[in-house]
Amino acid sequence: MQDFSTITDAIHSFLLSFMPGWLTTTVECVLIGVGLLLVYSLLALFYIYYERKVCAAFQCRIGPNRVGPWGLLQSFADMFKILIKELIHLDHIDKFLFALAPYLVIIASMLAFAVLPWGNGLQVIDFNIGIFFLVAVSSIGVLGILLAGWSSNNKFTLIGALRSGAQMVSYELSIGLSVLTMVCLAGTMSVGGIVDEQADLWFIFKGHVPALIAFVIYMIAGTAETNRGPFDLPEAESELTAGYHTEYSGIHFGFFYLAEYLNLFIVAGVASLLFFGGWMPLHIPGWDAFNHIMDYIPSVVWFIGKAIVLSFVIIWFKWTFPRLRIDQLLSLEWKYLLPINLFNLALMVCIIIFGWHF
Amino acid sequence: MADFQEKIAKLFPDAQIGSEEVPVISIPDNQWHDLAIALRDDEDCKMDYLVTVVGMDWTDSLGAIYYLMSSKYNTMCGVKVTTSDRERPMLHSAADVWKVACLYEREVYDFFGIIFIGNPDMRRLFLSIDWKGYPLRKDYAEVNEVSVENERQSDTTDTYIELPDGKVEKKEVAVFEPGEFVVNIGPQHPATHGVLRFRTAVDGEEIKKIDVYMGYIHRGIEKLCEDLTYPQTLPFMDRMDYFSAHNYHHGLCLAIEKAAGIQISRRAEVIRVMMDELSRIASHCLFIGTYCMDLGATTMLFYTLRVREQILDIMEKTCGARMTFNYDCIGGVMQDIAPDFQKDVKALLEVLPKNIKEYNKIFTGNVIAKNRMEGVGYLSREDAISYAVTGPSGRASGWACDMRKLHPYSIYSELDFEEITATEGDSMARFKVRMREMEESAKILAQLVDNIPEGEYCVKVPKVLKLPVGRWFTVVEGCRGAFGIYIESDGSTKPYRLKLAPPCLPLAGVVDHITRGSKIADLITIGGSLDYIVPDMDR
Amino acid sequence: MPYEAFKDNEYIEKLVQQLKENGTNVIVGSLDKLINWGRSNSLWPLTFATSCCGIEFVSLGAARFDMARFGWEVARASPRQADFIMVAGTIVNRMAPVLRRLYDQLAEPKYVIACGSCAISGGPFRKSYHVARGIEDIVPVDVYVPGCPPRPEAMIYGIMQLSRKIKVEKFFGGVNRQEKQREFLTTHPVEGVED
């Protein structure tokens with residue numbers, strides 16, 4: 001298994017050889033920041049393209065294919081355009097909050113990137129409450145959405161923001177509980193630790209029934225967290241034009257647009273971390289030859305591959321299901337998911353105590 | 001039919017009953033309201049469905065003709081009330097007798113300036129507040145420039161009340177309660193299916209009242225027709241409800257042919273009916289698609305459009321256009337069917353059941369779809385009749401109102417098909433009725449596709465077509481409900497008055513009634529399930 | 001699409017000629033190219049339809065004509081985020097201020113396609129008392145697509161022409177279309193709107 005920490009260690013010692021320690025740290029921070037931003041924007045562009053192609057496939061269409069080979073450059077063209085599109089200055093709005101909102105949304109998703117396990121040894125920071133940090137920062141996003149809806153001084157955005165607030169706060173519970181279920185199984189909150197725990201078998205197999213239930217709930221709640229169909233009420237196009245970001249133009253809108261896709265990636269990434277071993281290749285106890293072959297596939301490919309496959313499922317939801325109504329959405333969470341989740345947590349604890357997992 | 005005429009003659013000695021095919025009763029204005037109640041409630045009349053109100057300007061007098069139909073006896077009659085005052089014409093309203101009359105009378109007020117005493121809402125319907133003049137009056141010569149200035153908005157409406165001493169007093173009434181949170185939906189909004197505008201008073205997510213604004217695509221087709229010869233009026237039918245283009249064409253052709261006494265060939269009849277049913281399937285397909293899209297299931301639109309494209313191909317081969325066909329003409333159809341027509345229709349009939357099955361699998365059985373539609377937007381049978389909600393929406397409330405069965409025209413009486421009705425009256429029922437109507441239309445097509453008789457497709461009609469003096473009223477079934485056509489001729493080549501009574505206007509009128517108390521998202525569900533076409537209601 | 005395959009629009013040829021006369025700076029020129037490449041390949045329509053043409057616009061998005069191939073399928077319901085309005089259908093007196101307001105709400109750069117004979121001249125309703133005889137008095141128009149309604153192929157061609165027109169624009173330095181637009185806005189003011 002290729003360990004990326006050898007490369008990062010080499011860079012570290014190379015920088016240390018001619019720089020003082022504090023400068024090395026600063027340079028490394030900047031390098032990581034730039035690297036993350038790059039990955040961030042490329043991923044977002046890829047996801048936009050990916051969703052458009054997948055959606056086209058579901059709808060018996062071709063999808064973008066004119067700009068660049070197979071339409072690969074389509075989202076780049078969109079980015080260039082959106083970067084230089086006019087930012088409309090509105091009267092009668094709360095200017096500071098209006099400008100702050102898109103940054104809050106994008107920062108929330110960017111912070112989550114810090115703890116994602118990209119590959120073996122390829123993680124910005126691995127600390128003991130990594131998964132807790134992830135859940136915490138991803139809920140900053142709702143603040144951005146609420147501010148956007150409030151500050152726009154528009155009735156549609158306000159309704160969108162209120163819907164979004166109710167939705168996010170409710171579904172965060174489900175996410176938290178299903179994450180907790182898996183943390184119980186792993187016995188650690190550190191992202192690296194969770195991945196290492198799955199070295200012999202992924203949690204979805206290890207934890208069997210409760211893990212499966214937690215996975216299904218996580219996917220439902222994750223879809224709701226990203227405001228995607230069938231839970232796209234805050235930006236329900238046929239009801240609220242564009243929901244909370246109706247009044248945003250240019251790159252401010254671009255931020256919301258990018259954040260939506262990155263949140264999709266993050267939700268899928270966390271799902272792959274919790275249930276499918278993060279960057280850990282598929283290992284089956286006893287099948288040593290098979291495990292060995294699997295190790296040859298780089299860990300980065302494993303992680304991103306899993307995330308893309310899982311996000312395919314979420315995209316599939318969006319293009320298949322009709323939208324829920326706000327009361328149905330809330331009753332789904334409070335009346336069904338939450339009780340099931342609590343029961344599931346208890347079940348998982350029992351299974352761990354009695355050692356019924358694999 | 002004679003029963004109720006005798007009864008009316010006995011009850012109202014002042015009433016004069018005309019001898020038209022649809023008898024028109026002339027009554028003085030002061031007795032009109034009593035007659036209205038009698039017509040609706042009398043056991044022998046039961047005229048509970050107000051088809052349309054035709055505003056008229058006979059230059060010496062202004063007036064209105066109310067066309068009524070009985071949902072029990074299936075009889076029709078008209079009631080004519082007139083006033084000779086041109087400065088401040090006033091008639092009594094029937095808004096408390098038939099609920100839809102409120103909307104129809106607003107339309108008459110908008111076009112002719114006739115004030116209806118007792119109508120709770122006497123605002124202009126299609127034109128803006130500041131519009132000068134009444135466009136459908138014969139002496140209308142005002143110029144109203146196109147302006148880009150925002151339209152003046154009023155939060156009050158007028159109502160005219162008759163005092164005991166006979167004087168009429170104007171009263172201002174507020175549309176919304178003070179302090180209500182009013183959200184403006186439309187005219188440019190993805191949910192309104194065109195340019196309709198709802199001012200919606202909401203309490204949180206709950207709808208308290210909806211005020212409908214129309215006229216954002218009012219093109220004045222009725223007035224335009226008065227300056228055109230009869231064959232020239234036909235192309236406008238394509239542009240009203242563009243999904244029922246064939247059906248509307250068929251209706252107007254029928255009306256003109258009936259007035260002119262033209263008998264068309266059987267081949268033309270069969271072709272017309274086939275085209276009607278093809279467009280019904282295409283229209284319902286698009287309905288399912290856009291409805292699912294409104295509910296968030298975008299992908300369904302693409303599946304349903306696939307079938308629609310196939311139908312458009314069939315039509316394009318024969319008519320030469322994808323949307324505005326202009327195919328039916330007076331005396332038959334424009335040209336003979338394409339050589340592939342029968343083959344293509346058979347191919348369609350083969351794929352259609354599979355597709356309907358697929359739609360049901362993807363959408364109808366979906367638990368989210370069920371939750372969104374079942375029990376949402378309930379409309380009772382009585383309300384459906386009183387609000388004149390016809391077509392699939394009315395049939396979903398249990399009112400058998402298919403004009404193909406009630407007043408069979410063309411060859412519909414010979415065909416074997418079922419009138420689909422449901423009793424639930426909710427959005428799901430409206431959706432399912434349309435789904436099943438597609439199957440019925442396919443059944444009609446299957447009966448006809450191998451039985452297109454030989455013969456000429458268009459009989460000879462005089463180059464210059466003049467209709468005799470008189471008035472005719474015809475109702476046909478469009479894709480969205482009963483489409484009424486009123487022609488009044490003064491013996492020349494042009495219609496003196498051509499009134500088109502579209503099915504979509506009452507559909508929009510009922511939105512307020514059935515959305516009260518439901519959620520904003522339900523407005524989309526209900527609006528979508530009613531399936532109104534805005535250019536059709538605005539004309 | 002190759003430029004040569006498409007050389008049939010005299011108006012754009014003339015525009016290119018005019019622009020080439022003064023020459024361009026290398027850096028500014030290539031930046032312009034990049035920007036115009038982005039703009040011309042990413043045209044997001046506003047969901048706006050009044051009548052029949054709007055249905056053909058729906059067909060344009062459907063599987064057979066699939067405007068997504070060109071990247072036009074991101075139809076935005078909010079005018080702030082759209083790039084062009086496809087005025088599909090008749091514009092009547094009552095709708096004219098709404099159309100104008102939508103146009104004013106669009107973020108720059110913004111374009112208008114007049115789609116169908118109603119939007120171009122009033123079409124069959126030209127003689128009506130309540131129809132605008134063409135939208136060019138309400139908003140500045142970039143491309144006209146004739147037809148009643150235009151076939152989806154014609155609409156694709158129309159949007160392609162718009163994309164060609166954007167390709168010859170200048171973002172830095174010289175201004176061409178923008179000037180015309182400004183001229184239009186000063187000659188057709190709306191009262192009570194400062195923006």
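Two residues are in contact here if their C-beta atoms, placed from the backbone, lie within 7 Å. The structure is a predicted model, in which local features need pLDDT of at least 70 and side-chain atom pairs count only at pLDDT 80 or more, while totals for chains, interfaces and linings use all residues. Residues are numbered from 1 along each chain as its sequence is written, and chains are lettered from A and ligands numbered from 1 in the order in which they are written.

Chain B touches chain A through 23 of its residues, which meet 22 residues of chain A. Helices (H or I, at least four residues) are DSSP runs numbered from the N terminus. On this side of chain B, two or more residues each come from α8 (266-294), α9, α11 (367-373) and α18 (520-530). The most come from α11(B), which gives four residues. By class, this side holds 13 nonpolar, six polar and four charged residues; Ala, Val, Leu, Ile, Met, Phe, Trp, Tyr, Cys and Pro count as nonpolar, Asp, Glu, Lys and Arg as charged, and the others, Gly among them, as polar.

Chain B also touches chain C, with 35 residues from chain B and 40 residues from chain C. Two or more residues each on the chain B side come from α4 (221-226), α6 (235-238) and α9 (298-319). The largest share, four residues, belongs to α9(B). The class counts on this side of chain B are 17 nonpolar, 10 polar and eight charged.

Within chain B, an automatic or database domain assignment gives domain 1 (2-141 + 160-173) and domain 2 (231-465). Their C-alpha centres lie 32 Å apart. Eight residues of domain 1 are in contact with six residues of domain 2.
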